[in-house]
Amino acid sequence: MTDQAALAHHGTSAQAVGAFLRRRCEQIAQRWADEALFRTVFTVSRDEALEAARAVVEALAAVAMSDRVEDPGAPGFATVREQLARTAAARSRAGATSERIAHEVAALRPSITELLSADLADTRREDLCASLVSLTVLLGTLRLVVLETTLSSDEQLIERQRLQLLEVTTPVIKLWTGIVAVPLIGTLDSARSQVVMESLLDAVVAQQARFVILDITGVPTVDSLVAQHLMKTVAAARLMGAECIVSGIRPAIAQTIVHLGIDLGSVVTRASLADALGHALHRQGAVIVDQTAGGIQR
């Protein structure tokens with residue numbers, strides 16, 4: 001069967017491109033394995049880059065044969081989305097921007113266009129032009145899929161970093177045997193409150209803590225929502241068998257709490273972290289003394 005007959009046999013120009021991709025899969029993969037998109041990710045072994053490039057070519061062929069070259073959601077892309085996500089994530093970690101990654105995908109086009117032009121050189125000019133257009137659209141869709149996976153990967157990375165930052169900014173500190181503290185700094189929103197509660201309850205179990213100090217010295221303002229989060233944390237600590245002490249209530253915050261009508265009557269409060277620690281030590285039967293120049297005094 002001649003190339004022109006094959007083109008007619010496959011019907012649309014997109015299907016003709018699909019047939020071409022299947023015929024020349026190995027040649028295309030060999031060329032793509034040396035392109036930056038694959039070469040800079042699979043640096044240990046060229047065989048890995050070749051296998052990855054081959055998988056992408058096969059996926060493009062499946063998409064073209066389904067005549068859905070403009071559809072990023074075509075089933076053919078499903079087989080390589082995970083791989084493209086890993087590749088894009090690796091390039092992002094290496095410092096490549098989305099624009100750079102898109103440029104690297106576009107750089108795949110010249111070599112495959114050259115092969116297609118040579119492969120269909122004996123066909124009618126109209127058919128060749130139609131096939132080149134279909135191939136261009138297909139590679140444009142591939143670039144869109146890569147960018148989608150890149151953005152998705154970036155969003156997941158940002159979310160993981162946000163959660164890690166929340167954990168770092170809400171440490172649980174062991175002050176004494178049976179006493180732990182959480183110094184809160186900044187705004188206390190719902191997401192951070194959940195992290196505080198989970199970290200605190202884990203510490204109560206791990207340290208067998210009897211007293212928990214929530215120090216809000218670094219919290220700029222206290223509104224009804226912040227107070228609600230604090231009360232939930234206090235209640236959760238009590239259910240775990242620990243007494244909760246709130247410290248660091250400054251005069252301005254005390255006035256705000258009174259103005260809002262927030263009832264903290266059931267919560268033990270102290271002006272500072274030192275006072276809260278002293279209270280917890282006293283409740284545990286410890287004797288606190290001050291060492292002065294004239295001796296030791298209680």
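Analyst: A salt bridge is assigned where a side-chain nitrogen of Lys or Arg lies within 4 Å of a carboxyl oxygen of Asp or Glu. Side chains of opposite charge can pair when their charged atoms come close. The structure is a predicted model, in which local features need pLDDT of at least 70 and side-chain atom pairs count only at pLDDT 80 or more, while totals for chains, interfaces and linings use all residues. Residues are numbered from 1 along each chain as its sequence is written, and side-chain values use heavy atoms, with hydrogens and water left out.

By this rule, the model contains 11 salt bridges. Several of them may be examined in turn.

Consider the pair formed by Arg-91 and Glu-104, whose closest N and O atoms are 2.5 Å apart. This pair links distant parts of the chain: Arg-91 belongs to helix α6, whereas Glu-104 belongs to helix α7 (residues 98-106), and 13 residues separate them. A helix here is a DSSP run of H or I with at least four residues, numbered from the N terminus. Arg-91 counts as buried because its relative accessibility is 10%. Glu-104 is likewise buried, since its relative accessibility is 3%. The term buried means under 20% relative accessible area, exposed means over 50%, and partly exposed lies in between (1.4 Å probe, protein chains only).

Glu-148 is partly exposed because its relative accessibility is 37%. Arg-81, with a value of 26%, is therefore partly exposed as well.

To complete the view of helix α6, which spans residues 75-93, one may turn to Phe-77 within it. Phe-77 has a relative accessible area of 1% and so is buried. Contact means heavy atoms within 4.5 Å. Leaving aside neighbours within four places in sequence, the contacts of Phe-77 include Leu-60, Val-63, Leu-138 and Val-145. Asp-71 and Pro-72 are also among them. The C-alpha atom of Phe-77 is separated by 8.4 Å from that of Val-56, a residue 21 places away along the chain.

A further salt bridge connects Arg-54 and Glu-26, with 3.0 Å between the closest N and O atoms. Here too distant parts of the chain are linked: Arg-54 is in helix α5 (residues 46-65) and Glu-26 is in helix α3 (residues 25-32), 28 residues apart. Arg-54 is partly exposed because its relative accessible area is 24%. The corresponding value for Glu-26 is 38%, so Glu-26 is partly exposed.

Finally, salt bridges can share residues, as in the network that links Arg-23, Arg-24 and Asp-119.

Technical notes. Helices (H or I, at least four residues) and strands (E, at least two) are DSSP runs, numbered from the N terminus.
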